[in-house]
Amino acid sequence: MDHPAATATARPAPVDFDVDSEQYHHWRVTFDGPVARLAMTVDPASPLREGYELKLNSYDLGVDIELADVIRRMRFEHPEVRVVMLTSGTDRVFCAGANINMLGLSTHAWKVNFCKFTNETRCEIEEATKSSNQVYLAACNGTTAGGGYELALACEEIYLQDDGNSAVSLPEVPLLGVLPGTGGLTRLVDKRMVRRDRADVFSTTAEGMRGKKAVAWGLVDAVYPRSKFEEKTAERAKAWVAKASKDLAPGERKGVKLPALAPEVDETGRRYKYVTLAYDTSARTASLTIQAPTQADVDIVKKGVDAIYAAGAELWALRVYRELDDALLHLRVNHYDLGLILVRAVGDAQLTLDHDAALVSVKDQHWFVREVLLHMGRVLRRMDNTSRSFFALGDGGTAFAGNLAELAFAADRFYVLDDPDQPVKIGLSEFNEGGLPMHNGRTRLQTRFIGEPETLEALIGMRELLDPEPADDAGLVTMVFDDIDWEDDIRIAIEERVSLSPDALTGMEQNLRFAGPESPESKIYARLTAWQNWIFIRPNATGPEGALTLYGRPERPQFDWNRV
Amino acid sequence: MTTTVDLQSKIPNNVGLSDDPKLQRALERWLPNYLEWWHDMGPTDFEDKPVYLRTAISVERGGWANYEHVRMPDYRWGIFLTPRDGDPTLKCGDDVGAPAWLDVPGEHRNALRRIIVTQADTEPASVEQQRLLGHSAPSLYDLRNLFQVNVEEGRHLWAMVYLLHKHFGRDGRDEADELLQRRSGDVDKPRILQAFNQPCDHWLSFFSFTMFTDRDGKFQLGALAESGFDPLARTTQFMLTEEAHHLFVGETGLGRIIQRSAELEKQDPNGDVRAQGGIDFDLIQRTINYWYTYSLDLFGGEISSNASNFFASGLKGRFHEGRFEDHKAIVGEYALKVVENGKLVVRDVPLRNAMNEILRDSYVTDCERAMAKWNKILVEFGSPRRLTLPSRRFHRHQGIYQGHFFNPAGEFISEEVFREHEPQWLLVPEDNDYLLSIMKPCYEPGKFANWIAPPRKGINSQPGEFEYVRL
Ligand SMILES: [Fe+2]
Ligand SMILES: [Fe+2]
């Protein structure tokens with residue numbers, strides 16, 4: 001079939017992730033003390049790409065980029081908010097899920113990246129609920145279908161309007177021949193613990209379920225009649241405000257504004273204050289360089305929470321990770337062709353360790369510090385989930401220490417130069433032992449040393465800097481090259497890597513990065529998304545006679561009945 | 001507790017009810033709830049009055065038209081399928097010509113249930129909407145027609161509930177129960193479709209409702225009569241015979257009002273119909289605009305994948321599918337006027353996706369025919385006035401024109417202009433006040449209220465003085 005998004009416009013305008021919070025197209029945010037109301041009001045005429053209309057509060061990447069922005073700003077700019085009531089400002093429909101025409105028009109890569117981003121956003125909703133005392137509640141005041149129900153599932157509780165019509169549903173399998181791929185299946189059984197046989201019935205009933213049955217089956221937490229819906233959900237919000245106000249992190253609940261990052265951008269790359277992303281299109285690689293904290297940055301943190309709070313969005317630990325986040329998202333969506341990312345953290349390793357020690361020492365003293373750390377964790381998880389090869393290159397001038405060493409442990413390989421003329425130091429801080437977990441809830445070192453508990457044990461509490469050889473002995477480095485070999489070996493490693501099948505590499509990396517137990521979150525990425533991505537390329541979904549291809553068209557799908 | 005024997009005598013049928021214990025059990029449970037619903041939500045205050053009603057007691061020739069005076073709660077709501085000769089086949093879609101389904105195919109179970117529930121929901125809804133009208137009837141003849149329509153809508157509910165009980169297992173029974181729980185106009189438990197939640201509190205609206213909204217029913221039933229699910233096709237075919245009477249009540253009712261208004265216009269020295277206690281033509285036009293457009297909404301979205309799926313799988317055809325040549329409709333397009341960037345442009349839509357619009361076309365044509373007839377009455381009675389049907393884009397709450405503003409001629413206008421003219425185009429509260437002020441009951445046999453002309457002939461050829469309802 002013809003995919004206009006892929007073929008008609010060879011290179012559409014790059015997607016921008018740094019949106020202006022004053023000008024949301026699709027969301028209305030209003031505040032009433034500790035309760036924020038987040039109303040989905042998707043503008044059908046403002047899709048991110050041409051060729052489809054966002055009817056019935058259906059969403060595309062543009063809608064979700066705004067949602068992610070709302071969630072992030074809610075934490076930093078509105079720390080007074082305890083409950084976010086997610087609802088719809090569109091008549092009779094809460095949310096109809098991902099826009100099907102958009103999916104039909106999109107390339108496989110676009111679909112996959114879209115789903116990944118929406119999944120990350122849903123996980124951020126859950127993290128805010130769990131870790132930031134900002135509880136998301138879903139007030140489903142109309143049809144709640146597919147991705148719409150998955151969005152509600154990411155909330156702590158779901159309330160459905162009982163009007164004889166409004167239903168929650170996951171119609172993907174019966175109608176589209178694909179999965180509810182934004183965590184729906186996982187959250188049904190793993191989070192809401194709906195019985196698997198009931199989940200099976202529900203997920204194959206296109207019209208879904210409503211009223212008392214939806215409550216009895218655990219699909220929603222309560223149903224309220226239309227005339228009482230506002231009142232009842234407001235009561236729930238009030239109750240949740242009380243619950244979420246316990247054990248609050250200290251600090252005056254006054255927000256910290258997140259201004260635009262405003263990087264310098266041209267066709268060779270993106271230059272932020274601390275992060276530089278440079279493309280080498282002919283080599284199919286990019287260099288991602290991260291500037292370690294300076295003495296001045298460390299001094300601010302050492303002064304304590306007041307100085308940290310005063311630094312606000314300019315605080316190194318916040319700014320650098322915001323920039324890294326933006327760079328990763330750009331790579332994912334705007335640069336499919338750059339398969340290998342060469343990561344360098346540059347600066348002073350000892351300063352980085354000092355920085356980390358100072359920051360960790362005040363982590364429980366202010367909500368803002370806590371948010372900064374949670375944000376760092378999210379960005380690193382975004383990196384874990386990015387389907388590119390990452391090589392961390394520890395050559396002269398680099399500072400893979402503490403939180404920046406996590407970049408090396410998140411990478412697929414970590415090469416280090418051993419040259420007395422250009423000394424390289426590697427070191428660990430408390431951040432490597434906790435606080436920046438992977439999606440499976442474990443640290444990157446725990447995952448790395450799953451088969452060598454004694455190696456991990458030896459590293460716990462170690463705070464001195466290591467030279468390349470001892471770092472290698474400690475298991476922190478993939479390979480050490482001396483100055484004679486470095487250039488050639490690195491060149492060959494890069495050339496070899498970019499010659500391999502990108503699909504096989506994505507699959508391999510995603511399997512190797514997440515050793516150890518699973519969590520519901522990791523299942524969403526590893527199991528649900530992986531199956532979805534397979535289904536997306538199967539003829540039964542996207543072949544000329546596939547269900548997704550033909551949805552909305554006059555022809556009916558023809559399935560290949562063989563199980564694979 | 002109803003016994004099986006009671007059930008047999010109470011429910012005339014040709015579906016083998018006496019040999020179907022499963023169906024008997026389901027209906028035994030449902031019948032008391034139905035009667036309770038009828039008592040609560042059916043016509044008020046006339047339960048003990050004998051009404052000259054027509055009851056269908058068999059599918060034989062003439063079996064559907066038995067007249068006698070009965071009290072409404074004693075009406076025998078039957079279950080009938082139009083008989084078939086030969087083996088039925090699919091009338092449309094990819095597998096046209098293949099054997100029709102005598103039972104629900106699993107693949108289409110949910111879609112069929114939805115189709116049936118949506119149709120079924122309209123039947124009790126209209127009874128609820130009309131429950132107070134008996135108190136302002138313009139004659140015993142009209143009162144009887146109202147009640148006839150009401151009991152037949154009740155029977156249509158029975159017909160649909162039969163399908164749900166017989167073919168859809170426990171889900172079907174649950175849906176049948178819910179049909180008795182929703183209420184027209186209730187904020188919390190509204191009826192499914194919007195037109196069935198609009199108030200219908202005077203006879204001008206009643207006639208418009210039976211003219212325009214029941215006429216949607218005619219076309220929906222007609223399309224379902226082409227269904228590959230044979231029990232549904234046969235049920236709806238039988239319902240169409242009754243529906244024809246509802247349309248007759250509406251079309252002739254409005255015709256009689258138009259005739260009377262023309263007479264009063266002539267009578268009055270200033271041609272002022274209202275001065276003579278009649279219903280002026282502007283008000284009639286506003287009522288037509290209102291009910292016609294709400295009824296247009298009932299056909300669903302102009303571009304619809306549901307409609308396409310229903311047609312493709314043979315669940316729902318076009319009106320008189322047999323008159324079309326190509327029953328697959330897989331090639332070909334429908335030229336549809338759509339709104340793009342604030343302009344109306346013609347776009348080609350795949351034929352199957354335009355099935356709702358095609359059905360709406362048949363409906364519009366039928367309404368235009370009635371309109372021509374009324375204008376002929378105006379000519380005949382010497383009125384210079386002519387009535388019109390507004391554009392199908394005007395005042396829509398569903399589909400691609402929803403959210404845009406058009407005048408009755410179908411031209412794009414701003415919301416401001418629309419709001420300014422709204423009182424001239426659509427019913428306003430003062431209209432209701434006026435209509436209620438002139439609609440005093442007229443229960444004397446053979447007499448008619450001032451604002452409506454008598455019919456040309458009586459029901460079942462009864463004379464003018466006939467006591468259709470014994471009060
Ligand atoms: Fe009916
Ligand atoms: Fe009817």
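The legends below describe close-up views of a predicted model.

**View 1. An open sheet of 8 strands in chain A.** In this view of the predicted model, the strands of chain A follow one another in the order 12-13-14-15-16-17-19-21, and their pairing is mixed. From one strand to the next, the twist averages 20 degrees. Within this sheet, strand 15 (residues 285-291) and strand 16 (residues 340-346) of chain A run parallel and are joined by 7 bridges.

**View 2. An open sheet of 6 strands in chain A.** The order of the strands in this sheet of chain A is 1-2-4-7-9-11, and the pairing is mixed. Strand 1 (27-32) and strand 11 (222-225) of chain A are its edge strands, each pairing on one side only, and the twist averages 20 degrees from one strand to the next. Strand 7 (residues 135-140) and strand 9 (residues 157-162) of chain A run parallel, with 4 bridges joining them. A:Ala139 has its bridge partner in strand 9 of chain A, where that partner is A:Tyr159.

**View 3. The second largest pocket and the residues that line it.** This pocket has a volume of about 1200 Å³. Its lining is made up of 40 residues, and those closest to the centre of the pocket are A:Ser387, A:Asp503, A:Thr506, A:Gly507 and A:Gln510. Four helices of chain A are to be looked for around this pocket, namely helix 4 (108-131), helix 20 (486-499), helix 21 (502-513) and helix 22 (520-537), each of which supplies at least two residues of the lining. Sorted by class, the lining holds 16 nonpolar, 16 polar and 8 charged residues.

**View 4. The largest cavity of the structure.** Rolling a probe the size of a water molecule over the atoms shows where empty space is left. The structure holds 6 cavities of 30 Å³ or more, and the largest cavity has a volume of about 130 Å³. Among the residues that line the largest cavity are A:Phe17, A:Asp18, A:Phe117, A:Leu261 and A:His375. Helix 2 (61-77) and helix 13 (316-334) of chain A are the elements that give two or more residues to this lining, and helix 13 of chain A gives the most, with 4 residues. The lining of the largest cavity divides into 6 nonpolar residues, 1 polar residue and 5 charged residues.

**View 5. A:Met193 in a loop of chain A.** A:Met193 has its place in the loop between helix 7 (184-191) and helix 8 (196-203) of chain A. With a relative accessible area of 64%, A:Met193 lies over the 50% cut-off and is therefore exposed. Although A:Met193 and A:Leu219 are 26 residues apart along the chain, their C-alpha atoms are separated by 9.4 Å.

**View 6. Helix 8 of chain B.** This helix (residues 281-297) of chain B has 17 residues, and from its first C-alpha to its last it reaches 24 Å, close to the 24 Å expected at 1.5 Å a residue. Because 16 of the 17 residues of helix 8 of chain B are buried, this helix is largely enclosed by the rest of the structure.

Note on methods:
Residues are numbered from 1 along each chain as its sequence is written. Chains are lettered from A and ligands numbered from 1 in the order in which they are written. This is a predicted model: local features need pLDDT of at least 70, side-chain atom pairs count only at pLDDT 80 or more; totals for chains, interfaces and linings use all residues. Side-chain values use heavy atoms; hydrogens and water are left out. The expected span of a helix is 1.5 Å times one less than its number of residues. Buried means under 20% relative accessible area, exposed over 50%, partly exposed in between (1.4 Å probe, protein chains only). Two strands pair if DSSP finds at least two bridges between them. Axes are lines fitted to C-alpha atoms, for helices over the stretch in contact, and angles run from 0 to 180 degrees between N-to-C directions. On a 1 Å grid over the protein atoms alone, a cavity is a set of points where a 1.4 Å probe fits but cannot get out, and a pocket is an open set with protein on both sides within 12 Å along at least five of seven lines; lining residues have an atom within 4 Å of a point. Grid points are joined across faces, edges and corners, and a volume is the space filled by probe spheres set on the points. Ala, Val, Leu, Ile, Met, Phe, Trp, Tyr, Cys and Pro count as nonpolar, Asp, Glu, Lys and Arg as charged, and the others, Gly among them, as polar.
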